[in-house]
Amino acid sequence: MRGLGAPRALHSVARSVAIQEGAMRIPVAPVTALLALALLAAPSWAQEQGGLGLDLTSDAPAEQQGMDMGLDLRPSNPNADLLPRFALVGLYATERAGAQQASSWLEALARGALSSAMVAQASDLVETRERLAESYDAAVHCAEAACFAEPAELLDADLLTTARLSLEDAGWTLRTWTYDRDRRVVHEDFVTGRNPRDEDFVNEAAAMLSKRLTALAQPRAMLTVNVNVPQAVVKVGERIVGVGSVEVRQAPGAVAVEVSADEYGTQTRTLDLAPGARETVDIMLEISGPAPDGPPDDSVVGEASSQKAPRKSLFKRPALYTALVGLAAVGAGVVMGMAAKDVEKRGGDADGDGMFDVTRKERLDAQSQANLATALLVGGGAVTAGSVAWLVLVPARSAPASTSVTPGSGGGASTSLHVMVGGSF
């Protein structure tokens, strides 16, 4: 029995070893394929069941990737170009917990700002950073009108907002500073919450910014200025808006339009622009000086001079008649002097009878005539000389000087005047 039992025991051991070796020869490939299918199916099943799966694909919504702040300016709105332009500069956080949520806050503020449809996008966050370049950090930390003015001009934004998320005494606080370029004032708003991840806190901040922009936004006015000079400079208010005919978006209210150009006069108009209005003004500039292409035409200048300074007739001048009066006085003096000389010649005793040939009365009359003749000669000569000087010299002083004198023109008036006066004597 012992001899038979030993072989049976050895057979059992051998069979057991054979079974184990068979188990170890199970193929590996089918098992690996099953495990791979299980791993691929598990996340999809988990996502369908709303459980543990996390979508790490790159097909994220466009709003999250670019934080797009665009406003849907649909063509059906004809006044979309008159909406005030808004730009969200950025947000800075003083604590790490707030910095980690900065992108979510920016998205919420952008949606809140544009949800009212009262403003249009001036630039998104990427464009804002690129345009401001080195001054971006200073603009994000700005809270006063003085430092908001330059970013507003660079972005061409009518409303500009910066934000700060920080932990203050009252708890987590979001503060916004909104700059109104038309009025040049800054409005500060704030809202507090439990923590930066609180959804109600974020939504309340977005609603706060939307309310502020709704209160400040007013439709612009579109002003078109047409001018007749292409190089004319157009100035609206205190800004130079362009050269030649221009179209500009302008804040409503009273505004002065000034158009000027070299060699032309300056024209100024005052307009009262209503919100949402479209105004057109035509301004015609007039030449204020000679044409810049060349010297003025001599014939035109001569014609203008003759029209501006017409010559007065010689017979309408008083000096002519005073000269004639003086000449008459001189003539009378000569006649009276000759008569006095005749009496003087007859004053002796020509016949030798011892008596003068003239009476005493005749001699006294002759003496008076001689004195009067002397007075007439002196006075008449002085009057004649003064009148002649007036006729000759005064026209020469009042006549405009001519740069080019041609024969028969220009100096002919003076020559004829001399001839006539000389002929009169």
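Are Arg-181 and Asp-158 buried or exposed?

Tutor: Both Arg-181 and Asp-158 are buried. Here buried stands for under 20% relative accessible area, exposed for over 50%, and partly exposed for anything in between, using a 1.4 Å probe and protein chains only. Before we go on, remember that this is a predicted model, in which local features need pLDDT of at least 70 and side-chain atom pairs count only at pLDDT 80 or more, while totals for chains, interfaces and linings use all residues. Residues are numbered from 1 along each chain as its sequence is written, and side-chain values use heavy atoms, leaving out hydrogens and water.

Now to your pair. Arg-181 forms a salt bridge with Asp-158, with 3.0 Å between the closest N and O atoms. Because Arg-181 sits in the loop between β4 and β5 and Asp-158 in the loop between α8 and β3, this contact ties together parts that are 23 residues apart in sequence. A salt bridge requires a side-chain nitrogen of Lys or Arg within 4 Å of a carboxyl oxygen of Asp or Glu. The element names come from DSSP runs numbered from the N terminus: helices (H or I) have at least four residues and strands (E) at least two.

Arg-181 has another partner: a salt bridge joins Arg-181 to Glu-153, with the closest N and O atoms 3.6 Å apart. Glu-153 belongs to helix α8 while Arg-181 is in the loop between β4 and β5, so this bridge connects parts 28 residues apart in sequence. Arg-181 has a relative accessible area of 14%, which is why Arg-181 counts as buried. Glu-153, at 45%, is partly exposed.

Let's move to a further bridge. Asp-156 pairs with Arg-85, the closest N and O atoms being 3.8 Å apart. This pair links distant parts of the chain, with Asp-156 in the loop between α8 and β3 (159-168) and Arg-85 in strand β1 (residues 85-93), 71 residues apart. Each of these two is partly exposed: Asp-156 has a relative accessible area of 35%, and Arg-85 has 22%.

Salt bridges with shared partners join Arg-85, Glu-153, Asp-156, Asp-158, Arg-181, Asp-182, Arg-220 and Arg-249 into one network. The structure has 15 salt bridges by this rule.

The structure holds two aromatic pairs. Rings of Phe, Tyr and Trp (its six-membered ring) pair if their centres lie within 6.5 Å; planes under 30 degrees apart are stacked, over 60 edge-to-face, and the rest tilted. One of the two pairs is Trp-105 with Phe-201, edge-to-face at 4.9 Å centre to centre and 75° between the planes. Since Trp-105 lies in helix α5 (residues 102-115) and Phe-201 in helix α9 (residues 199-216), the pair ties together parts 96 residues apart in sequence. Trp-105 is buried at 0% relative accessible area, and Phe-201 is buried at 2%.

The pair of Phe-148 and Tyr-179 is stacked, with 5.4 Å centre to centre and 10° between the planes. Here Phe-148 is in helix α8 (residues 145-155) and Tyr-179 in strand β4 (residues 171-180), so parts 31 residues apart in sequence are tied together. Phe-148, at 1% relative accessible area, is buried, and Tyr-179 is buried at 3%.

A charge meets a ring as well: Arg-175 lies over the face of Phe-190, 4.8 Å from the ring centre. That label needs NZ of Lys or CZ of Arg within 6 Å of the ring centre and within 35 degrees of the ring normal.

Although Arg-184 is not a glycine, its phi is positive, at about 60°. With 57% relative accessible area, Arg-184 is exposed, whereas Arg-181 is buried at 14%.
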